[in-house]
Number of protein chains: 2
Amino acid sequence: MARLDRSLIAGASAFAGLSAEALDEILSRAEILRLLKGETAFRQGEKADRFFLLLHGRLRVTRVNAQGAQILVRFIAPNDLFGVAMAIGAAAYPGTATAATESLALAWPNASWAELIATYPSLAVQAMQSLGARLQDTQDRVLELSTRNVERRIAGAVLKLARQAGRKTDEGVLIDFPLSRQDLAEMTGATLHTVSRTMSAWEAKGLVACGRQRVVVRDEPGLAAIANSDE
Amino acid sequence: MARLDRSLIAGASAFAGLSAEALDEILSRAEILRLLKGETAFRQGEKADRFFLLLHGRLRVTRVNAQGAQILVRFIAPNDLFGVAMAIGAAAYPGTATAATESLALAWPNASWAELIATYPSLAVQAMQSLGARLQDTQDRVLELSTRNVERRIAGAVLKLARQAGRKTDEGVLIDFPLSRQDLAEMTGATLHTVSRTMSAWEAKGLVACGRQRVVVRDEPGLAAIANSDE
DNA sequence: CGAAGTCTTGAATCGAATCAACGGAAGTGG
DNA sequence: CCACTTCCGTTGATTCGATTCAAGACTTCG
């Protein structure tokens, strides 16, 4: 009873190079998870008993500290594996994954992880590489926070989002999911006030167009010049 | 010709649970690397053709950006695997590893990595978990940089170092390798001036004792109170 | 001994947070 | 459909933490 089509996961790099039979086998163990905007796939501190693949939509991953301050760790895009806490030896999810738009994901019980990597070793290699890429990204973020001022950090964040979730429109490159000033603030270690001021200034210069939870990049090279300027 | 004794690597968690024969086999492929203080195991951007295990000493890993600003990514302790760029799919080393004290390491050619994890799958699992732990640490660092002021960040960094490299003395817990104000500044995203001022104030309160490239924690709970204080 | 590296401390400046008030858009419920 | 609430965004004034600028002291080493 093949309820799910293998084309659903064929695009995921985690499963790259696997045969049609392997994909079917993997799919047969998955459960479908539908999330409305604002619903969570998992919450920080919760016992980690499943891992996921996003099929459609966009999730925000946040992390809070003991004092209640929050950062936005990353956005999860379709075909990303997420919530693999178990694979890295964590008993609990280290963050909270919330749907930024209505989303669709697959979920596997943790037990499947060990079985899958035993059967398909390339999965472990892929997972390690994606983890490595995230580590590099996060270290780059530390470098940015330590050495660049707020305006350059915001420019970097907006450019990154435009590249990974941009949709060309006649106005420019639209970041194709709801993105608030607060989100950008939590990504860059700034306040929403500073983000708002900065983007207003950019809008006046024609670099971006923006609205409520909406950002359009009109002049990518101009933003890149801000992001990469020395000094 | 067993020039190296297997006890050298028996303590490394990466090789936990492997048999004596396996350890000997792994050792037989390794090359010994001696580093004087200030020498590097590898440099950022260099083609990554080897991975390493630190046997003795302490290495500083730094990363610079295009503008020349630098951060201290981490200190490598004995029994840590490092320079595993290849395992995470990076062609070049993403940072520079410099000996903070005279050090001794083992080095394997990249080709050994694939062979080793094929023969000893637990090595892949261990590597993934240590990578996961580093990702968590780095995300915590982003959270700190985004939400805590400099004094709390420095307190957190000093406590972490005291826990991972502390040696009990009659004065207090000595951080057992040369650690300059500049190092702490690069770990916390501050300037060496602010670090110096902060530590002078702490010394006056009896929280720490310090000297040239030398830090002793005299009142751990007191420092922890600073690190964890709300606002 | 001179030179280079490390650390300290003061004074001035500045970037971004904080404090504060308000406008507008979207969602909710009667 | 309209009143109400809530969420999101803007903008000004003020404050403050940390950097920057500057000078000098101490340590270690060749």
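I noted the conventions before going on. The model is predicted, and local features need pLDDT of at least 70, side-chain atom pairs count only at pLDDT 80 or more, and totals for chains, interfaces and linings use all residues. Residues are numbered from 1 along each chain as its sequence is written, chains are lettered from A and ligands numbered from 1 in the order in which they are written, and side-chain values use heavy atoms, with hydrogens and water left out.

**Entry 1: DNA strand D**

I checked which part of the strand faces the protein. Sugar or phosphate accounts for 65% of the atoms of DNA strand D within 4 Å of the protein, and bases for the rest.

I then looked up polar contacts (pairs of N or O atoms within 3.5 Å; within protein, one must be able to donate a hydrogen and the other to accept it, and residues adjacent in sequence count only if both atoms are side-chain atoms). For a side-chain N or O atom of A:Ser200 the distance to a phosphate oxygen is 3.0 Å, and for one of B:Thr191 it is 3.1 Å. Helix H7 (192-205) of chain A and helix H7 (192-205) of chain B are the elements that give two or more residues to this surface. I take helices (H or I, at least four residues) and strands (E, at least two) as DSSP runs, numbered from the N terminus. H7(A) gives the most, with 4 residues.

By class, I recorded 2 nonpolar, 10 polar and 5 charged residues near DNA strand D. Here Ala, Val, Leu, Ile, Met, Phe, Trp, Tyr, Cys and Pro count as nonpolar, Asp, Glu, Lys and Arg as charged, and the others, Gly among them, as polar.

**Entry 2: the two domains of chain A**

Chain A is divided into domain 1 (7-145) and domain 2 (149-227); the bounds come from an automatic or database domain assignment. Their contact (heavy atoms within 4.5 Å) takes 14 residues from domain 1 and 14 residues from domain 2.

The two domains bury about 1200 Å² between them, 53% of it on carbon and sulfur atoms. Buried area is the accessible area (1.4 Å probe) that two parts lose on being put together, summed over both. On the domain 1 side, A:Arg58, A:Phe75 and A:Glu144 lose the most area, together 40% of what that side buries.

I counted 2 salt bridges between the domains, each a side-chain nitrogen of Lys or Arg within 4 Å of a carboxyl oxygen of Asp or Glu. A:Arg60 forms a salt bridge with A:Asp183, the closest N and O atoms being 2.7 Å apart.

**Entry 3: chain B against chain A**

How many residues of each chain are in contact? I found 36 residues of chain B in contact with 36 residues of chain A. The chains bury about 3300 Å² between them, and carbon and sulfur atoms give 67% of that area.

There are 2 salt bridges between the chains. A:Arg63 forms a salt bridge with B:Asp140, with the closest N and O atoms 2.5 Å apart. On the side of chain B that touches chain A, strand E4 (59-64), strand E5 (70-76) and helix H4 (121-147) each supply at least two residues. H4(B) provides the largest share, 18 residues.

Definitions and conventions: Near = heavy atom within 4 Å.
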